[in-house]
Amino acid sequence: MTMPSVDGSFDSVRPPRWAEAALRLLLRPDVAETVSGDLLEEYREVVQPLRGTWRADVWFVRQVGGFVWQATWLPVTVGLLLGAGLGVLNLFETARHPLEEDDAGALLLWVIVVSGVWSAAVTPGRARPRSGASDAASPMGSVTRVGFA
Amino acid sequence: MADSLGAFEQAVLLSMVRLGDEAYGRAILKEVQARLDRDVAAGAVHATLERLQNKGFVASRLGSGTPVRGGRARRFYRLLPAGLRALNEARAAVDSLWHGLRWPLKGLRYDHA
């Protein structure tokens with residue numbers, strides 16, 4: 001078990017600050033406090049004494065990665081699927097009408113339809129409660145979707 | 001019938017039952033890991049607890065922090081009647097599926113060689 005320093009603090013034993021900051025960015029403030037406290041407790045009491053600082057830092061970053069994954073897999077996956085679907089559709093349309101100009105109105109309609117489908121798919125509902133993580137994931141999913149669409 | 005519980009949700013709820021008043025995030029994570037005998041990400045347990053809370057199966061309250069946590073609060077969870085009912089229904093469903101069968105099953109090969 002990690003012992004406190006002579007002044008009674010554990011401040012010298014701590015995970016990477018950037019990883020803690022990422023966790024705070026990803027989660028609601030009230031959730032971030034309890035979750036980061038849990039991780040810090042495990043880091044100081046078990047992981048760091050057992051594995052050493054470097055491997056304990058890797059452990060901590062992996063845990064934060066788990067939260068990032070929980071927050072982003074759905075919007076990113078839906079964005080990728082929609083983007084891939086639109087890409088295939090675009091290929092077919094180009095093959096059918098190779099010389100036809102893109103219609104601005106039709107393109108706008110597609111963007112609206114795709115945005116609606118994406119939002120419906122990733123908006124937290126009864127099965128997927130809203131959280132700080134899902135709030136943080138929305139911009140990331142939007143970027144993915146726009147990038148591929 | 002209440003919302004049915006997945007296997008991981010049952011693991012989390014049963015860990016809470018075992019821990020009683022000491023059921024906070026890290027303790028639940030360690031209990032789930034011990035019972036499932038595998039490494040489990042803290043994010044997975046956290047997401048499950050949030051989902052169970054939104055289903056009305058568990059409630060939480062904040063406790064005090066400790067120096068080793070950097071003074072950060074603990075969130076303690078407790079089972080609500082709906083959660084208890086869901087756990088009992090999940091157990092009854094499994095018992096019903098196994099009714100009349102001897103465990104462990106014999107006479108089948110596990111591999112497909």
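This is a predicted model: local features need pLDDT of at least 70, side-chain atom pairs count only at pLDDT 80 or more; totals for chains, interfaces and linings use all residues.
Figure 1. B:D37 sits in the loop that links α2 and α3 of chain B. Its phi is near 55 degrees, which is a positive value in a residue other than glycine. Most residues other than glycine have a negative phi.

Figure 2. The bond running from B:W103 to B:P104 is cis, and its omega is near 0 degrees. Most peptide bonds are trans. B:P104 belongs to the segment that follows α4 of chain B.

**Figure 3. B:D3 and its contacts along chain B.** B:D3 is part of the segment that precedes α1 (7-19) of chain B. It counts as partly exposed because it has 17 C-beta neighbours inside 10 Å, a count between the limit for exposed residues, 12 or fewer, and the limit for buried residues, 20 or more. Leaving aside residues up to four places away in sequence, B:D3 touches B:K55 and B:A86. B:D3 and B:A82 are 79 residues apart in sequence, yet 9.3 Å separates them in space, C-alpha to C-alpha.

**Figure 4. The crossing of α1 and α3 in chain B.** Two packed helices are described by the angle between their axes and the distance between the axes. Here the axes of α1(B) and helix α3 (residues 42-54) of chain B come within 10 Å and cross at roughly 85 degrees. The two helices are therefore roughly perpendicular. On the α1(B) side, the contact is made by B:F8, B:E9, B:V12 and B:L13, and on the α3(B) side by B:V45, B:T48, B:L49 and B:L52. Sorted by class, the residues of this contact are six nonpolar, one polar and one charged.

**Figure 5. B:V45 and the largest nonpolar core.** The largest nonpolar core contains 35 residues. The residues with the most contacts inside this core are B:V12, B:M16, B:I28, B:V32, B:V45 and B:Y77. Elements giving two or more residues to the core come from both chains: α1 (17-26), α2 and α3 of chain A, and α1, α2 (25-36), α3, β2 (75-79) and α4 (81-98) of chain B. α2(A) gives the most, with six residues. Leaving aside residues up to four places away in sequence, B:V45 touches B:V12, B:I28, B:L29, B:V32 and B:V40.

**Figure 6. The side of chain A that touches chain B.** In this view, 22 residues of chain A are in contact with 20 residues of chain B. Two helices of chain A, α2 (29-51) and α3 (53-96), each supply at least two residues of the touching side of chain A. α2(A) gives the most to that side, with twelve residues. By class, the residues on the side of chain A that touches chain B are eight nonpolar, eight polar and six charged.

Figure 7. Chain B has four helices and two strands, which follow the pattern α-α-α-β-β-α along the sequence. Its C-alpha trace spans about 55 × 35 × 20 Å along the principal axes. The radius of gyration of chain B is 17 Å, whereas a compact globule of 113 residues would have a value near 13 Å. Buried residues account for 33% of the 113 residues in chain B. Of the contacts in chain B between residues at least 6 apart in sequence, 51% join residues at least 24 apart.

How values were computed:
Residues are numbered from 1 along each chain as its sequence is written. Chains are lettered from A and ligands numbered from 1 in the order in which they are written. Two residues are in contact if their C-beta atoms, placed from the backbone, lie within 7 Å. Ala, Val, Leu, Ile, Met, Phe, Trp, Tyr, Cys and Pro count as nonpolar, Asp, Glu, Lys and Arg as charged, and the others, Gly among them, as polar. The radius of gyration is taken over C-alpha atoms; the globule rule is 2.2 Å times the number of residues to the power 0.38. Axes are lines fitted to C-alpha atoms, for helices over the stretch in contact, and angles run from 0 to 180 degrees between N-to-C directions. Angles under 35 degrees count as roughly parallel, over 145 as roughly antiparallel, 65 to 115 as roughly perpendicular and the rest as oblique. A nonpolar core is a set of buried Ala, Val, Leu, Ile, Met, Phe, Trp, Tyr and Cys residues joined through C-beta atoms within 7 Å.
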